[in-house]
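The sequence and structure come first.

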Amino acid sequence: MMASHNLASKGFAFLYHMPRVKPVDHWVYPFRALFSTHIVGDEPILVRDFIHSALYDPKHGYFSQRSRSVGVLERSIKFNQLEGRQAYMKHLDKIYKDSDISWFTPVELFKPWYAHGIAESILRTANLSVPLKIYEIGGGSGTCAKGIMDYIMLNAPPRIYNNMTYISVEISPSLAEKQRDTVGEVRSHLSKFRVECRDAADKSGWGEVEQQQCWVIMLEVLDNLPHDLIYAKDQVSPWMEVWVEKQKERGTLKELYKPLQDSLIKRCFEIVDFDNSQKTQNRVISKAQSVWSKKLLEVLHGVLPKMSLIASDFSYLPDVKVPGERAPLVSTKKDGSSSDYSSYLDAKGDADIFFPTDFLLLENIEHYCSGWQRPNKGESSKQGKKRRTIILDTSSFMEEFGLPSKTRTKDGYNPLLDDFKNTKFYLSVPTHNTK
């Protein structure tokens, strides 16, 4: 959910999503732009449907058309051979120019060490008396999956690796194929790995409820989830849904405001109690929640009730031009240089749309989706707290579970610990406290 203000003092709230880091200004793959009016037909659509189409539509969606939107490094960066930050940034700039792709994820820039840190956190926490089962949502190029499986193969008892299962749930067919190739570089991984090309937020794709203990990994996933937008004229006016409609006479798009009626948005309102917080606008905005984060977590808790979760994303995004709380960065790349749009409506299938995440709100959503918290203050849960959660800065997570010495340059500068200040890790595991 996003919350925003325009120059005319209108109040918005975007039902939010999660983060990604931008160490250099290279993000979006060059692509023949499609007019965003192609996304919207004769009937208005909710903002979340507009964003979903702009990113994932098979014909003109940003991710669906470009497997090269996610970069893959030919070889790992040898940080210990670089003098310091200036040398690292120069090396990174050369990588982006030579590859001419949209962006590299942290797991790619710091491979294999980033994935190894995640694998270590799993091995320290998992119940290794049962077969290890890992799901990764939105596995990108497969670098994380391969890194985790490599680490477990080399550092865990043989029975853990031999009996493990790693399932990638990937919406993009081109990325799904890339993941198979990446993981397949180690032949023994193939019998333990598979890709399911589907939308993880669609409950029907998961089949029956699975009672087995498992892990779910989501790296830079929440930031690209579609978001809803709500609007209030002022602090005392009621919240309204925002829809997108085509202006036929101009061929452009505009926002349309309707009374709250969408069931998903209304359920989110129940969780955060918007109406009772309406008197203090800042408080209302600070409680803006992500409908799609809620939907995804609701599905996951429904089908994987004993899952443990590791998620990493942006806690904030600097220099966002789109106005409003939880507003997204909308970035495109043309002729080798990137530029940011001032409106999400400018996304034409050639632009990435990604949002920051409030991790405390994510925690609240997950407690609700797990069946612990209830939307109404007078209604208490019949069960005890079902989840044990912790939020860590990326540097804290990697210092605890990773090998920071591997990403340190000669003068002591460490880009993994020093540069990724706007990202966090969220860890959540089930607890037996049900009374």
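Asp319 is exposed, with a relative accessible area of 68%. This residue of the predicted model sits in the loop between strand E10 (307-314) and strand E11 (329-334). The phi of Asp319 is positive, near 60 degrees, and the residue is not a glycine. Most residues other than glycine have a negative phi, and most peptide bonds are trans.

Glu220 also has a positive phi, of about 50 degrees, without being a glycine. Its place is the loop between strand E6 (214-219) and strand E7 (228-232). Is Glu220 buried or exposed? Its relative accessible area is 10%, and the cut-off for a buried residue is under 20%, so Glu220 counts as buried. For Asp319 the value of 68% is over the 50% that marks an exposed residue.

A further backbone feature is the peptide bond from Lys111 to Pro112, which is cis, with omega near 0 degrees. Pro112 belongs to the loop between H4 and helix H5 (113-125).

## The chain as a whole

The chain contains 14 helices and 15 strands. It has 435 residues, and 57% of them count as buried. Among contacts in the chain with a separation of 6 or more, 75% are between residues 24 or more positions apart. The exposed surface comes to about 18,800 Å², of which carbon and sulfur atoms supply 49%.

## Helix H3

Helix H3 covers residues 85-99.

Which residues of H3 are buried? They are Tyr88, Met89, Leu92, Ile95, Tyr96 and Ser99. Viewed down the axis of H3, these residues fall within an arc of 120 degrees, so they line one face of the helix. An α-helix has 3.6 residues a turn, so residues three or four places apart point the same way. The cover over the buried residues of H3 includes helix H4 (106-109) and helix H14 (415-418). On the other side of H3, the exposed residues are Gln86, Lys90, Lys94, Lys97 and Asp98.

## The cavity

How many cavities of 30 Å³ or more does a search of the whole structure find? The search finds one. The largest cavity holds about 550 Å³ of space.

The lining of the largest cavity is made of 35 residues, and those nearest its centre are Tyr56, Gly138, Glu170, Glu220 and Val221. Two or more lining residues come from each of helix H1 (47-56), H4, strand E3 (133-137), helix H6 (143-155), strand E4 (165-170) and helix H11 (291-303).

How values were computed
Residues are numbered from 1 along each chain as its sequence is written. This is a predicted model: local features need pLDDT of at least 70, side-chain atom pairs count only at pLDDT 80 or more; totals for chains, interfaces and linings use all residues. Side-chain values use heavy atoms; hydrogens and water are left out. Helices (H or I, at least four residues) and strands (E, at least two) are DSSP runs, numbered from the N terminus. Buried means under 20% relative accessible area, exposed over 50%, partly exposed in between (1.4 Å probe, protein chains only). Contact means heavy atoms within 4.5 Å. Accessible areas come from the Shrake-Rupley method with a 1.4 Å probe; for residues, only the protein chains shown count as cover. The expected span of a helix is 1.5 Å times one less than its number of residues. The arc is that of the directions from the helix axis to the C-beta atoms. On a 1 Å grid over the protein atoms alone, a cavity is a set of points where a 1.4 Å probe fits but cannot get out, and a pocket is an open set with protein on both sides within 12 Å along at least five of seven lines; lining residues have an atom within 4 Å of a point. Grid points are joined across faces, edges and corners, and a volume is the space filled by probe spheres set on the points.
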